[in-house]
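Please keep the sequence and the structure in view while reading.

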Amino acid sequence: MKNSYIISTIIASCMIFNFACQDLDEDPVGLLSPEGLFNTPEDVSLSVNGGYSLIGHENFWGRKLSLSLLLRSDMASIGDQTTAGRRIEVDQMNMSANNGMVSAFWPKGYETLAALNVAIQGAENVEADEADINPVVAEARFLRAFIHYNFVRLFGEIPYVDSTIPNPEDAYAWPESSEDEVYAGIIEDLEFAKLWLPDVPAMRSRPGKGTAAGFLASVHLTRGNFQEAYNEAKYVIDNSGAFGYALEGEFADLFDPSLGAASNEVLFEIDFIGADAGGNPSELGGTNAAIDYIPSVTGPRGDERFATGEGWSVAVPSLAVFDTWNEQDYRRSVSFDTVLINGGVEVPYTNWGTISRNVARPHIAKYFRALGQTGLEAGSNGRDSDVDYIIMRYAEILLIASEALNEVNGGPSAESEGYVNEVRRRARRELDADASNDRTFPADVATGLGQDAFRDLVLEERRLELAFEFGRWFDIKRRNLGDAAFGASGLDPQNFSSSKDYYFPKYQQDVDLNDNLNQNTGY
């Protein structure tokens with residue numbers, strides 16, 4: 001059996017450079033060598049584009065990783081109990097070392113890293129001005145940081161891969177890096193990206209300076225480096241005009257792909273292209289490349305509202321998530337579906353349990369309610385939707401600045417309160433000139449809160465503002481909230497163990513083949 005690092009690297013090289021690859025054992029060293037493959041910045045850019053496509057693959061952010069993050073949080077759990085066991089394992093904190101979600105997105109992540117490293121190393125041989133080649137390299141390094149950042153938070157100590165593997169045998173002994181070492185590499189990549197990326201990228205699925213700074217703020221917040229987190233968030237806020245960032249006036253518009261161009265609130269999103277419906281997966285692209293499956297796995301079964309058919313009722317909020325959300329909050333109505341059409345009549349969520357394999361709970365509306373153009377094609381079930389995932393948006397930057405400043409100052413200030421109030425103003429629809437209402441909820445932050453109370457307030461604001469946007473699990477982990485979130489009085493009671501469940505199991509095949517890799521505790 002071959003080590004997956006070798007296979008991933010070869011697959012990535014074949015896909016990006018269109019090598020014949022009839023015999024993967026014939027000349028692997030020559031195959032993996034990037035020297036001579038790049039002559040211009042445009043050559044490198046084409047290679048980096050392959051990295052974007054791999055990130056959007058169904059085995060990575062198209063479903064496997066994104067769904068895992070949804071299910072692991074306290075905001076969603078399994079609806080249809082007949083769904084695949086690999087998903088139930090993630091939700092119920094009962095993952096095996098061979099969990100099928102990890103065995104999809106771990107190799108795909110390292111395959112993408114291999115492709116990006118080929119581009120980064122190849123760029124070193126391109127004769128071009130720094131101003132022409134470094135922005136392209138900065139994109140590759142941003143994506144490399146993005147993958148490592150997700151993986152180090154999920155798995156802890158991991159192989160930090162920042163170079164190509166010229167000798168395939170080296171993959172069998174690739175070292176495991178400490179979390180500190182991985183984060184050091186992530187920060188170095190993001191700082192390079194911040195230096196060389198443009199102020200305003202051509203599209204929001206490409207990073208700019210503000211994107212790199214926003215991720216630096218998130219990384220430092222995760223690490224507890226609160227002054228650095230505040231500095232990076234404040235850099236984005238202070239330059240929001242130059243970077244083209246602003247809160248979207250209408251909250252619902254953030255999740256409406258029919259509006260065309262991405263919102264100015266978006267710092268980074270993953271671009272999905274749809275492709276043909278119903279095809280078989282292909283490791284080298286094909287119908288599962290850059291396909292968004294989240295509308296289907298979050299939508300309700302038996303729903304006749306859309307030509308694309310029903311959802312699959314997989315990741316569904318608990319009743320506690322819905323019931324504890326103040327009904328005066330406009331974001332609640334945007335985030336949940338509570339009525340579907342079945343048999344030509346409206347059915348409230350309280351009766352959804354009468355529909356086969358459905359559950360009587362409100363479902364996530366942010367993705368299923370507004371399908372992209374490809375998802376509307378005849379014969380589709382939404383599984384090939386081209387809705388783009390928002391990975392980071394300006395509202396999160398405001399909340400990062402608020403949380404970090406509270407820690408730096410030992411308590412809230414007018415500035416830290418003001419960032420939360422900006423987000424709440426939009427929730428009251430005060431930023432939407434066309435919204436004719438007199439909403440007063442959520443009110444501005446009450447002054448006089450202590451540091452702990454304000455910290456809790458900001459974390460709660462993140463939970464509601466960014467609901468179902470794949471970041472809640474990371475908030476639970478970085479703030480050690482697992483016992484409360486999954487305890488008897490939490491939103492999603494599960495059999496959570498703080499000694500085991502803050503980490504996913506590493507890909508067991510690589511652990512078996514590489515003596516330098518250590519499986520996480522409890523797996």
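## Charges over rings

A charge is said to sit over a ring if NZ of Lys or CZ of Arg is within 6 Å of the ring centre and within 35 degrees of the ring normal. The charged end of R429 meets this definition above the ring of Y330, at 4.1 Å from its centre. R332 likewise lies over the face of F322, 3.8 Å from the ring centre.

## Basis of the model

The model is predicted: local features need pLDDT of at least 70, side-chain atom pairs count only at pLDDT 80 or more, and totals for chains, interfaces and linings use all residues. Residues are numbered from 1 along each chain as its sequence is written, and side-chain values use heavy atoms, with hydrogens and water left out.

## Aromatic pairs

Rings of Phe, Tyr and Trp (its six-membered ring) pair if their centres lie within 6.5 Å; planes under 30 degrees apart count as stacked, over 60 as edge-to-face and the rest as tilted. A search of the whole structure finds 33 such pairs. In one of them, the ring centres of F142 and F215 are 5.2 Å apart and the planes stand at 85°, so the pair is edge-to-face. Helices (H or I, at least four residues) and strands (E, at least two) are DSSP runs, numbered from the N terminus. F142 belongs to helix α7 (residues 130–155) and F215 to helix α9 (residues 209–223), so this pair ties together parts that are 73 residues apart in sequence.

F142 is buried, with a relative accessible area of 0%, and F215 is buried at 5%. F215 also pairs with F268: the centres are 6.4 Å apart and the planes at 80°, so this pair is edge-to-face. Because F215 lies in α9 and F268 in strand β2 (residues 266–270), the pair ties together parts 53 residues apart in sequence. F268 is buried, as is F215. One aromatic cluster is formed by W61, F142, F146, F215, F268, Y367, Y389 and F470.

## Packing of α9 and α15

Helix α9 also packs against helix α15 (residues 394–409): their axes come within 10 Å and cross at roughly 35°. Axes are lines fitted to C-alpha atoms, for helices over the stretch in contact, and angles run from 0 to 180 degrees between N-to-C directions. The crossing is left-handed, which means that the near helix is turned anticlockwise from the far one by less than a right angle. With contact defined as heavy atoms within 4.5 Å, G214, A217, S218 and L221 in α9 meet I397, I400, E403 and A404 in α15.

## A hairpin

Two strands pair if DSSP finds at least two bridges between them. Strands β7 (residues 339–342) and β8 (residues 345–348) pair in the antiparallel sense over 4 bridges. N342 has V345 in β8 as its bridge partner. The hairpin has 2 residues between the strands, and G343 takes a positive phi near 65°.

## Backbone exceptions

Most residues other than glycine have a negative phi, and most peptide bonds are trans. S313 has a positive phi near 55°; this residue lies in the loop between α12 (294–298) and β5 (315–316) and is buried, with a relative accessible area of 0%. N480 is not a glycine, yet its phi is positive at about 55°. N480 lies in the loop between α18 (472–478) and α19 (482–485) and is exposed, at 57% relative accessible area.

A cis peptide bond joins F441 and P442, with omega about -5°. P442 is found in the loop between α16 (414–427) and α17 (451–465).

Note on methods:
Buried < 20%, exposed > 50% of the residue type's maximum accessible area, 1.4 Å probe, protein only.
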